[in-house]
Amino acid sequence: MKTLRSKFRSAALALSASGVLLSGVFSLPAGADEFSDEQPLIVAAADCYSIGQQVAAQNGGTLAKASSATRGGQAVCVIVVLVPGKDGERPRRSEFVVPQN
């Protein structure tokens, strides 16, 4: 019974890992010819993680959390940075709300 469970867990882990790896595969827009001279236009939204890394570097801390949210109809990034405390104290938790654009 234990070997069946361990094999099931291994199979579930393999399936989830393949799903993560395949999530990075991109496709061309509908009707796009892969041999055409025109390159498809890709519009990329601001990445909250990279914005969070910049905010953490500016404040001399480490990035703890970066998530996107909507506030007042505007897309924002909610960034949580851990700033080191003085004289060996615990780090301070600082939250920043930054527009995504």
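These are my notebook entries on a predicted model of one protein chain.

**Ground rules**

I number residues from 1 along each chain as its sequence is written, and I leave out hydrogens and water, since side-chain values use heavy atoms. The model is predicted, and local features need pLDDT of at least 70, side-chain atom pairs count only at pLDDT 80 or more, and totals for chains, interfaces and linings use all residues.

**Entry 1: the layout**

I went through the chain and found two helices and three strands. Helices (H or I, at least four residues) and strands (E, at least two) are DSSP runs, numbered from the N terminus. Read from the N terminus, the order is α-α-β-β-β.

I then looked up contacts, meaning heavy atoms within 4.5 Å. Taking contacts between residues at least 6 apart in sequence, I get 27% that join residues at least 24 apart.

**Entry 2: the surface**

The accessible surface comes to about 8,500 Å², and carbon and sulfur atoms hold 57% of it. Those areas come from the Shrake-Rupley method with a 1.4 Å probe, and for residues only the protein chains shown count as cover.

How much of the chain is buried? I noted 14% of the 101 residues. Buried means under 20% relative accessible area, exposed over 50%, and partly exposed in between (1.4 Å probe, protein chains only).

**Entry 3: the disulfide**

I found one disulfide in the structure; the term stands for a pair of cysteine sulfur atoms within 2.5 Å. Here the partners are Cys 48 and Cys 77, with S to S at 2.1 Å. Cys 48 sits in helix α2 and Cys 77 in strand β2, so the pair ties together parts that are 29 residues apart in sequence.

Why do I call the disulfide left-handed? Because the torsion about the S-S bond is about -80°. Both Cys 48 and Cys 77 are buried.

I also checked what Cys 48 touches, skipping neighbours within four places in sequence. Its contacts include Ala 66, Ser 67, Val 76, Ile 79 and Gln 100.

**Entry 4: the core**

Which residues make up the largest nonpolar core? I listed eight: Cys 48, Ile 51, Val 55, Ala 56, Cys 77, Ile 79, Val 81 and Val 83. A nonpolar core is a set of buried Ala, Val, Leu, Ile, Met, Phe, Trp, Tyr and Cys residues joined through side-chain atoms within 4.5 Å.

**Entry 5: Ser 94**

Ser 94 is in strand β3, residues 92-99. Is Ser 94 buried or exposed? Ser 94 counts as buried because its relative accessible area is 17%. Not counting residues up to four places away in sequence, Ser 94 touches Ile 79, Val 80, Val 81 and Val 83.
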